[in-house]
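Student: Give me a close look at one residue and its surroundings. Then take me on to the helix packing and the ligand site.

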Amino acid sequence: MTPHCRAEKLKTTMYNVQCTMYNKRQKPHSGVIPHLMRDPFYKNTSNFSPAVSEVFFSYQGEGIYAGIPQIFVRFEGCNLRCNYCDTPKALTVKQNAKYFTAQALSEYIFDIYEKYENNFFGFKPSVSFTGGEPLLYADFIKELITKYIKNKFSVYMETNGTLPEEIKKVYKYCDVVAMDIKFKSACRKDLFKHHKEFLKVCKNKAFIKTVITKDTKKEEFVKAVKLVSEISKKIKFVIQPSDFEEKINKKVFEFYSVAADKLDDVRILPQLHKLWKIA
Ligand code: SF4
């Protein structure tokens with residue numbers, strides 16, 4: 001075994017140990033936010049390569065930029081367990097996850113861009129960081145953006161909006177922050193305190209998405225609208241039905257009136273990737 005092979009093996013072993021630690025913390029359906037700053041695993045995120053489940057070209061499926069071409073980087077692992085999650089495969093870090101250094105991932109992104117360059121029609125290409133929850137890897141993403149991709153790509157951060165300390169690290173390098181507000185009826189935890197801190201950090205670049213299910217309560221929706229309107233009435237607000245059932249449709253139209261009464265720009269938009277059946 002050459003020194004290089006030994007070093008690679010050691011690196012792989014370390015990554016596997018870290019993944020095991022991570023998986024132990026990810027109690028299924030716990031819905032608990034890890035205390036990132038006190039956790040030695042997260043403290044040194046810049047020292048390891050995060051798990052990536054896929055990198056691919058497609059079109060944005062939701063929110064106010066729905067339909068634009070993007071290169072998607074999907075990270076594995078999430079601090080929440082929403083009952084409507086459409087990416088369950090990305091929730092935990094798998095033993096066979098792919099690991100990249102920031103430089104290797106940037107090369108992969110550039111390769112995909114070269115392959116699909118014509119689909120961008122001369123516009124600045126956009127990279128969407130998604131998951132799982134990409135901000136679990138904020139240090140790594142900061143390195144990737146600042147050292148390798150910031151001049152070529154615009155940055156779209158797709159996040160559950162619960163990690164304010166992490167968004168602070170990358171906020172200034174993001175062009176758009178697509179932030180979810182999660183309801184207790186879906187995530188079994190009141191996350192509004194975290195959402196408020198998070199939105200205060202990125203209010204100038206954020207738009208909000210709320211997923212409405214048959215279980216969403218009017219009180220929690222009203223609370224979400226209040227939270228956003230108290231920070232800025234100008235923040236764009238998307239109401240996203242989880243399905244097209246009559247009960248949900250009714251609720252969505254009622255909720256639209258509640259939101260439009262307090263905010264300047266409210267839209268009801270479906271998730272296109274569900275219609276395209278590529279979720
Ligand atoms: S935050 Fe997103 S990825 Fe995480 S469980 Fe909820 S829907 Fe799934």
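Tutor: Start with K203. K203 touches I231, S232 and I235, leaving aside residues up to four places away in sequence. Contact here means C-beta atoms, placed from the backbone, within 7 Å. This is a predicted model: local features need pLDDT of at least 70, side-chain atom pairs count only at pLDDT 80 or more, and totals for chains, interfaces and linings use all residues. Numbering runs from 1 along each chain as its sequence is written.

K203 sits in the loop between α7 (192-202) and β7 (206-212). Helices (H or I, at least four residues) and strands (E, at least two) are DSSP runs, numbered from the N terminus. Look also at K234. K203 and K234 are 31 residues apart in sequence, yet 9.4 Å apart in space, C-alpha to C-alpha.

Now the helix packing. Helix α8 (residues 218-231) packs on helix α9 (residues 246-260) at about 30°, with the axes 10 Å apart. So α8 is roughly parallel to α9. Angles run from 0 to 180 degrees between N-to-C directions, on axes fitted to C-alpha atoms over the stretch in contact. Under 35 degrees is roughly parallel, over 145 roughly antiparallel, 65 to 115 roughly perpendicular, and the rest oblique. The crossing of α8 and α9 is right-handed, meaning that the near helix is turned clockwise from the far one by less than a right angle. From α8 come F221, V222 and V225; from α9 come F255, V258 and A259. By class, that contact has six nonpolar, no polar and no charged residues. Nonpolar covers Ala, Val, Leu, Ile, Met, Phe, Trp, Tyr, Cys and Pro; charged covers Asp, Glu, Lys and Arg; the others, Gly among them, are polar.

Next, α3 and α4. The axes of α3 (residues 102-116) and α4 (residues 138-149) come within 9 Å and cross at roughly 60°. That angle makes α3 oblique to α4. The crossing of α3 and α4 is right-handed. A102, Q103, L105, S106 and I109 of α3 meet F140, E143, L144, K147, Y148 and I149 of α4. This contact has seven nonpolar, two polar and two charged residues.

Last, the ligand. Around the ligand lie C78, L80, R81, C82, C85, T87, L91, G131, G132, E133 and N160, where near means a C-beta atom, placed from the backbone, within 6 Å. The shell divides into five nonpolar, four polar and two charged residues.

Technical notes
Contact = placed C-beta atoms within 7 Å.
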